[in-house]
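Here's a quick briefing on the model shown below. Have a look at it first, then go through the points by topic.

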Amino acid sequence: MTEMKDPRKTLGEALIEVAEKNDRVIALSADSYGGSGLGPFQARFPEKLLEFGVMEQGIMGFASGLATTGMIPFVVAITPFVTSRPFEMFRNDIGYMRTNVKVVGRCSGLTYSTLGPTHYSLEDVALVRAIPDVVILSPGDPVEIKKAVHAAAEVTGPMYLRIGNQPLPVYFGENHPFQIGKGVMMRDGSDVTIIGTGFALHRAYQAALLLEDVGIHARVINIHTIRPLDTELILQAGRETGKIVTVEEHYIVGGLGSAIAELLSVEHPIPMRMVGVPHQYAENGPYEELLGLYGLQPHQIAETVRAFIQ
Amino acid sequence: MYRLSTKEESQLKWTALNIRKKILRMIRAGKGGHVGGAMSSVEIVTALYFNLMNSDPQNPQWRERDRFVLSAGHKCLVLYAALAEKGYFDESILDTYGDLGSKIPGHPDMHKLPGVETNTGALGHGLSIAGGMALGLKMDHLDSKVYVLMGDGEIEEGSNWEAAAACSHYGLDTILVFIDRNFLQISGPTSEVMNYEPLKERWEAFGWGVREVDGHNLSEIIGNAKEIPFKEGRPSIILANSVKGKGLSFAEGKVGYHFWNATPEELEIAKEDLDLVERELTR
């Protein structure tokens, strides 16, 4: 049985590790550090956890100003409240000023399940993609979450890191190479390439296993960095398999699928399908049922791929 | 009450005049610009760069410098003029205002010009950024001050009040905000467009130390600014009552000169207005 880990707990552990290595690392909370998995961080480094209350616009400017003095601020909060709510602050104070701020959105996608569309974040990647130069990290398992946090602290520049809240299977070993901008081929295959990202990755991978059972050999690529995109790996997959399906827990508008379609349409136009949430205010309900409603369960992804290539 | 010496005051008035001339120079180059708020804040910015602030034009990123955040980014002409006057860059750059790729855009870009600390222009961003600067400097045990210039129309943005609360909550007593209170915004008098009064009481309610000065009186500005924090352990704010378009006879106190599309005739009058000030200072 694969080990499952809470991504927020993993995030909190990773932040303690990087703060122990680098004393410029600090964390900013918008009345949400407990739910962000930063309780242990606060206990370990009370002076490095800055609480801003429900101040979800100003917190971005504060982070920017702190970064100008050499601090490395991680702003961690519920995804829509660090992306759509303070979009202009993200764009101007962090993006345009190119400050060394790491914005972490947690409980992304549909993971807030019963709480409904105000708390979902299905457009955050689209919004941040619209801001030039911000690195977008979407780690696929707990090991990648840790490595992404370390990489974010080590590499200078504005970044956005996206995680969910549902327990996530551990797919990679501790020696798994993680490099910003470098995708990972998890499984080779010649009939089609499935490209997954973030907390939808493991469902994309399971779909490939189901396809193998019916004789379809699907390549699986993990894109943990949506920007800069690993264009080489994706184009190679396009050339070698001729068909691509993207899988993400995000609107099909503006996310990973859009980024790859923008690439392929210019460099190597081939048939493509995007699996994601249709562009509508999503339903509320139990998480697994929501995924089923929008075709994001492994057997549904497998069926979409099968129908597409046959 | 604090008073500058006659010599100091005279020197600063000359500097203020030079800054106004440089603003006019950029307007002439670009055939227009946000003149009203630039002119109304000339004395504040003069006091900052030529008396109050520790800064080094030869080393703009000097770690221990005082910071200046121009929250009302559209007033950038006064910032460019002051930086040029201070020697941060060659003043021939001022003649590129309005040109493609100019280092002095219509709202400032810190990556284009030395001495610019922030990219502002959208209103209601500067105070949060300044708060982050003050907090970071404090965490590093530096006593550098963080000065902020805001417009009085700008304080209608709700984000300012998030920042006001946080600066007070974190006891950021190295912050001094100037509100260039010229009582006008694009659509008319601030009291009619969106009343912000009682302004003094609002800031006091957020825990700030508040003072009110004549925004064109250099002794009042400097004397008060030297006394921060006005309230122990809290940020300070000066409501600087000013005249929009100050120094231009046809624009003073007129709502239509927030942005000025300069005609040759007006530019001529503007030059005469500043020449008159020069003759008075020479006397």
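A residue is called buried here if 20 or more other C-beta atoms lie within 10 Å of its own, exposed if 12 or fewer do, and partly exposed in between, with C-beta atoms placed from the backbone. On that count, 56% of the 310 residues of chain A are buried. Keep in mind that this is a predicted model, where local features need pLDDT of at least 70, side-chain atom pairs count only at pLDDT 80 or more, and totals for chains, interfaces and linings use all residues. Residues are numbered from 1 along each chain as its sequence is written, while chains are lettered from A and ligands numbered from 1 in the order in which they are written.

**Chain A overall**
- Chain A has 11 helices and 14 strands, where helices (H or I, at least four residues) and strands (E, at least two) are DSSP runs numbered from the N terminus.
- Its radius of gyration is 19 Å, which agrees with the value near 19 Å for a compact globule of 310 residues; the radius is taken over C-alpha atoms, and the globule rule is 2.2 Å times the number of residues to the power 0.38.
- The C-alpha trace of chain A spans about 60 × 40 × 35 Å along its principal axes.
- Take the contacts in chain A between residues at least 6 apart in sequence: 78% of them join residues at least 24 apart. Two residues are in contact if their C-beta atoms, placed from the backbone, lie within 7 Å.

**The two domains of chain A**
- Chain A is split into domain 1 (4-169) and domain 2 (184-309), with bounds that come from an automatic or database domain assignment.
- The domain centres, taken over C-alpha atoms, are 25 Å apart.
- Domain 1 of chain A puts 29 residues into the contact and domain 2 of chain A puts in 28 residues.
- On the domain 1 side, α5 (124-129), β6 (135-137), α6 (142-154) and β8 (168-169) of chain A each supply at least two residues.
- That side of domain 1 has 15 nonpolar, nine polar and five charged residues; Ala, Val, Leu, Ile, Met, Phe, Trp, Tyr, Cys and Pro count as nonpolar, Asp, Glu, Lys and Arg as charged, and the others, Gly among them, as polar.

**A spot inside chain A**
- V75(A) sits in strand β4 (residues 72-78) of chain A.
- Why does V75(A) count as buried? Because V75(A) has 28 C-beta neighbours inside 10 Å.
- Leaving out residues up to four places away in sequence, V75(A) touches several residues, including L28(A), I59(A), M60(A) and V103(A).
- V103(A) is 28 residues from V75(A) along the chain, yet their C-alpha atoms are separated by 4.8 Å.

**Where chain A meets chain B**
- The contact draws 19 residues from chain A and 19 residues from chain B.
- On the chain A side, α3 (58-68) and α4 (87-96) are the elements that give two or more residues.
- α3(A) has the largest share of that side, with eight residues.
- The chain A side divides into nine nonpolar, eight polar and two charged residues.

**Chain B**
- Chain B comes to 10 helices and seven strands.
- The radius of gyration of chain B is 18 Å, close to the 19 Å that the globule rule gives for 283 residues, so chain B is as compact as a globular protein of that length.
- Buried residues make up 50% of chain B.
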